[in-house]
Amino acid sequence: MAYYGVIEDIWELDYGQFRVPVFSCRWVHANTGVRKDKMGFTLVDLKKGGYNDDPFIMAMQARQVFYVEDLSDPTWSVVIQGRKFDMTDYTHYAAFDVTDMPPINDQIPVMEAIDEDDVEHATRHDHHEGLWENNDT
């Protein structure tokens with residue numbers, strides 16, 4: 001059974017010879033605050049707290065997720081899995097790369113990679129919204 005929550009504090013327990021990072025989390029109640037929609041997405045209501053008597057987990061037990069507000073019902077947030085990396089090797093992990101992320105939902109078709117030669121065809125040239133140019137020179 002998966003538990004969803006938000007990290008509120010990070011502690012490092014120092015045992016002299018070694019250190020253990022632990023996360024203090026605000027958990028979502030699994031029975032009332034977590035559901036799957038008809039497309040197979042996991043949704044959480046971050047306001048439905050639970051498990052207050054057991055907030056701590058070891059960092060190695062955590063998996064990174066992101067919560068994206070469900071536009072059809074702002075009470076719920078869609079759970080997006082982050083990429084996996086080994087906590088013991090956190091100094092050598094690669095830069096964020098969306099191609100290394102797990103699929104959001106196995107019912108959504110996977111896009112084929114864009115050939116680098118075709119990038120020009122995928123670029124919009126019909127607007128300049130968001131561009132800023134310094135004309136003071």
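The side chains of E8 and R26 are joined by a salt bridge, with N and O 3.0 Å apart; the term denotes a side-chain nitrogen of Lys or Arg within 4 Å of a carboxyl oxygen of Asp or Glu. Because E8 belongs to strand β1 (residues 5-14) and R26 to strand β2 (residues 19-28), the pair ties together parts that are 18 residues apart in sequence. Strands here are DSSP runs (E, at least two residues), numbered from the N terminus. E8 is exposed, at 51% relative accessible area, whereas R26 is partly exposed, at 37%. Buried means under 20%, exposed over 50%, and partly exposed in between, with a 1.4 Å probe and protein chains only.

The model is predicted: local features need pLDDT of at least 70 and side-chain atom pairs pLDDT 80 or more, while totals for chains, interfaces and linings use all residues. Residues are numbered from 1 along each chain as its sequence is written, and side-chain values use heavy atoms, without hydrogens and water.

In the whole structure, three salt bridges are found. R19 forms one with E12, at 3.6 Å between the closest N and O atoms, and one with D14, at 3.8 Å. Through shared partners, E12, D14 and R19 form one network.

Elsewhere, four strands make an open antiparallel sheet in the order β3-β4-β8-β7; two strands pair if DSSP finds at least two bridges between them. β3 (34-36) and β7 (65-69) stand at the edges with a single partner strand each, so one side of each has no neighbour in the sheet. Strand β4 (residues 42-44) pairs with β8 (residues 77-81) over two bridges, and V44 has S77 in β8 as its bridge partner.
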